[in-house]
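Please look over the model below with these notes beside it. They go point by point.

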Amino acid sequence: MKLKELESCLQQVDTFEEPKILLEQYPTSAHIAACMLYTIHNTFDDIEAKLVADLGCGCGVLSIGAAMLEAGLCVGFDIDNDALDVFRRNADEFELSNVDLVQCDLCCLKTEDYRHSFDTVIMNPPFGTKHNQGMDMKFLRAAITMAKKAVYSLHKTSTREVSQELSLSCQRLGLSQFILFVDYSHPCSLFISQAINEHQNNDNFFYPVPAHTKEGK
């Protein structure tokens with residue numbers, strides 16, 4: 001599937017009907033989701049035939065995109081049943097059989113029970129602002145525990161300040177990929193901010209992705 005085709009399909013995904021501010025619910029734009037997933041799929045081969053987890057999946061745009069890119073199975077985790085209801089409708093409309101849902105509070109989930117259960121973890125977690133300070137780090141640490149091979153996540157720029165600590169954790173756990181896609185503004189410019197690869201040095205590198213100036217999150 002080509003990037004433009006993927007983005008066109010994801011534009012049809014329904015989003016939050018009544019976003020809950022305390023949960024930092026904001027839709028991931030079709031453009032950002034498509035660019036992120038297309039890079040993961042085509043550059044790193046971490047979606048097709050893989051067992052994928054989508055943490056804080058919301059209405060499912062990342063999970064649905066991963067399913068369209070032929071993930072073996074993509075399991076979405078979210079605390080909000082209203083968002084999961086929208087996710088279910090989206091999956092039904094696209095007639096996808098390779099997605100599943102788990103309603104849970106990720107902060108209370110025993111992630112050790114899921115240690116290395118997923119080949120790949122993808123997510124656009126809460127940014128950890130205001131009432132949810134530090135939530136982005138909780139999601140990242142859960143992702144690192146649950147992933148067998150790779151973690152791909154969308155974040156605000158300040159997350160880079162602690163990315164080195166998490167990078168070292170990934171190395172100790174044997175993950176081959178740890179990549180943060182950084183949201184530089186609203187609307188977003190999208191970059192891969194850091195990659196840790198068992199075959200590479202740990203230097204930061206960037207993949208600029210064209211931003212849609214009229215699209216917000």
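The points below go from the whole chain to single residues.

1. **Basis.** This is a predicted model, in which local features need pLDDT of at least 70, side-chain atom pairs count only at pLDDT 80 or more, and totals for chains, interfaces and linings use all residues. Residues are numbered from 1 along each chain as its sequence is written, and side-chain values use heavy atoms, with hydrogens and water left out.

2. **Elements.** The protein chain holds six helices and eight strands. Both are DSSP runs numbered from the N terminus: helices are H or I with at least four residues, strands are E with at least two. Starting at the N terminus, the order is α-α-β-α-β-α-β-β-α-β-α-β-β-β.

3. **Burial and surface.** Of the 217 residues in the protein chain, 54% count as buried. Buried means under 20% relative accessible area, exposed means over 50%, and partly exposed lies in between (1.4 Å probe, protein chains only). The accessible surface of the protein chain is about 10200 Å², with 48% of that belonging to carbon and sulfur atoms. These areas come from the Shrake-Rupley method with a 1.4 Å probe; for residues, only the protein chains shown count as cover.

4. **Contacts.** Take the contacts in the protein chain between residues at least 6 apart in sequence: 68% of them join residues at least 24 apart. A contact here means heavy atoms within 4.5 Å.

5. **Strand β1.** Four of the five residues of β1 (residues 51-55) are buried, so the strand is largely enclosed by the rest of the structure. β1 pairs with β2 (residues 73-78) in the parallel sense, over five bridges. The chain goes from β1 through α3 to β2, and this β-α-β crossover is right-handed. That is, with the strands pointing away from the viewer, the path from the first strand over the helix to the second runs clockwise. Leu51 has Leu73 of β2 as its bridge partner. β1 also runs parallel to β4 (residues 118-123), joined by four bridges. There, Ala53 is partnered with Val121. Strands count as paired if DSSP finds at least two bridges between them.

6. **Helix α3.** How many residues of helix α3 are buried? Eight of the eight (residues 61-68) are, so α3 is largely enclosed by the rest of the structure. Among them are Val61, Leu62, Ile64 and Met68.

7. **Two positive phi values.** Most residues other than glycine have a negative phi. Glu70, in the loop between α3 and β2, has a positive phi near 70°. Ala49 also has a positive phi, about 65°, although it is not a glycine. Ala49 sits in the loop between α2 (30-44) and β1. Ala49 is exposed, with a relative accessible area of 63%.

8. **Glu7.** Is Glu7 buried or exposed? At 10% relative accessibility, Glu7 counts as buried. Glu7 belongs to helix α1 (residues 3-10). The C-alpha atoms of Glu7 and Ala33 are 7.7 Å apart, though the two residues are separated by 26 residues along the chain.

9. **Largest pocket.** The largest pocket has a volume of about 500 Å³. Of its 32 lining residues, the closest to the centre are Leu23, Gln25, Gly56, Asp78 and Pro126. The elements that give two or more residues to the lining are α3, β2 and α5 (135-146). A pocket is an open set of points on a 1 Å grid over the protein atoms alone, where a 1.4 Å probe fits, with protein on both sides within 12 Å along at least five of seven lines; lining residues have an atom within 4 Å of a point. Grid points are joined across faces, edges and corners, and the volume is the space filled by probe spheres set on the points.
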